[in-house]
Amino acid sequence: MPFDVRRFDIYRKVPKDLTQPTYTGAFISILCCVFILFLFLSELTGFIATEIVNELYVDDPDKDSGGKIEVSLNISLPNLHCDLVGLDIQDEMGRHEVGHIDNSMKVPLNQGDGCRFEGEFTINKVPGNFHVSTHSATAQPQSPDMTHTIHKLAFGEKLQVQKVQGAFNALGGANRLSSNPLASHDYILKIVPTVYEDLSGKQRFSYQYTVANKEYVAYSHTGRIIPAIWFRYDLSPITVKYTERRQPFYRFVTTICAIVGGTFTVAGIIDSCIFTASEAWKKIQIGKMS
C-alpha cells in the first residue's frame, strides 16, 4: 500500500454538502472581516510609524568635538548703539576674550539708536560665562541701557524632530524691555548634553538647558554703573539620548496572526452559541406544537 502523505494533514476539510450557511453566520463573518481590516490598518500604521525612546547615562557623548560647544546667540538691545555692543567670553580654563567678533554681526535698530547682535562662537566644556556689555567699547557711555530681547540662545546642532520636545532654546523670546535700563542681568544656565540617533544610526549632538535669572545694579570700583547681560553656564554630567526606533517586522507579523486567529476563534464561538441556542429553541417550539 503506497504511503499517503495526506494523513499528516491537520487541517481536515469538511465537504460543503455537510455544512449549513446561516444569516447569523454571514452577519458575524462580515463583522469579523471589517474588524480584522480595522485592526490590520491600525497595526500597519503603528509599524510604519517610528517611536522615540529616551535614556539617561553619564558620559561625554561628543568626544570628537575637541572639548568645544557651538553657541548661537541672537539678541536685540533697542536702546544701545552698535558701536558700544560687544561680546566677552571667560571660563575656568583661563580663557578671557573681550570683544569677540568672529562669526558675528551687528544690525542697527531704531535709526541706529539700537542694535541686534547675532553671533556664533564656541565655548569650552568647563564652567564659565559669556556676556554682552560695553566693556570692549573705546569710550564708556554715561548711561548704557541694557534692556533687551533674546531671540535665540542655542547650543550644539539644531534638532528639528517633531517628537522631541526639549528646552533647546529655553531663553528664546525672553523680554526685558521693561526692566531698569541700568540693571545687569544674570542668566544661570545648566546645560544638558543631548544625543539624537535616527533609524540609520546617525547621531546628532545638541544641548538642552535650564535657566534661572536675576536682575541687579552693579557698580564698578570707580563707583560707576556698568551693566551687562551675563550668561553663566555649567555642564551637567548626565546625557539625554533619544533613539528613533521602528517596530520589528516579526512582531508585526505575530500581531497580525494573533488578530486574525483570535477574531475568527471568538467569532466561531459566538456563532456556535447562537446556532446551538437557535436549534434548541426550534426543538422547544416543535415540542410545544406537538
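**Cysteines and the pocket**

In this predicted model, the sulfur of Cys257 lies 16 Å from the closest cysteine sulfur, which belongs to Cys33, and this is too far for a bond. A disulfide is a covalent bond that joins the sulfur atoms of two cysteines. The structure holds one disulfide, and its largest pocket has about 410 Å³ of space.

**The disulfide**

- Cys82 and Cys115 form a disulfide, with 2.3 Å between their sulfur atoms, and the link is right-handed, with 100° about the S-S bond.
- The pair links distant parts of the chain, 33 residues apart, since Cys82 sits in the loop between strand 2 (68-77) and strand 3 (86-91), while Cys115 belongs to strand 6 (residues 114-124).
- Cys82 counts as buried because its relative accessibility is 9%, and Cys115 also counts as buried, at 0% relative accessibility.

- Cys32 is in no disulfide, and the nearest cysteine sulfur, that of Cys33, is 6.9 Å away.
- Cys32 is buried, with a relative accessible area of 7%.

**The largest pocket**

- The largest pocket, with about 410 Å³ of space, is lined by 21 residues, of which Lys152, Ala154, Gly156, Glu157 and Lys158 are the closest to its centre.
- Strand 2, strand 6, strand 8 (149-156) and strand 11 (203-216) are the elements that each give two or more residues to this lining, and strand 8 gives the most, with four residues.
- By residue type, the lining of the largest pocket divides into nine nonpolar, seven polar and five charged residues.

How values were computed. Residues numbered from 1 in each chain as written. Predicted model: local features only at pLDDT ≥ 70, side-chain atom pairs only at ≥ 80, totals over all residues. Heavy atoms only, no water. Disulfide = S-S within 2.5 Å. Buried < 20%, exposed > 50% of the residue type's maximum accessible area, 1.4 Å probe, protein only. 1 Å grid on protein atoms, 1.4 Å probe; cavity = no way out; pocket = protein on both sides within 12 Å on 5 of 7 lines; lining within 4 Å. Points joined across faces, edges and corners; volume = space filled by probe spheres on them. Nonpolar A, V, L, I, M, F, W, Y, C, P; charged D, E, K, R; others polar.
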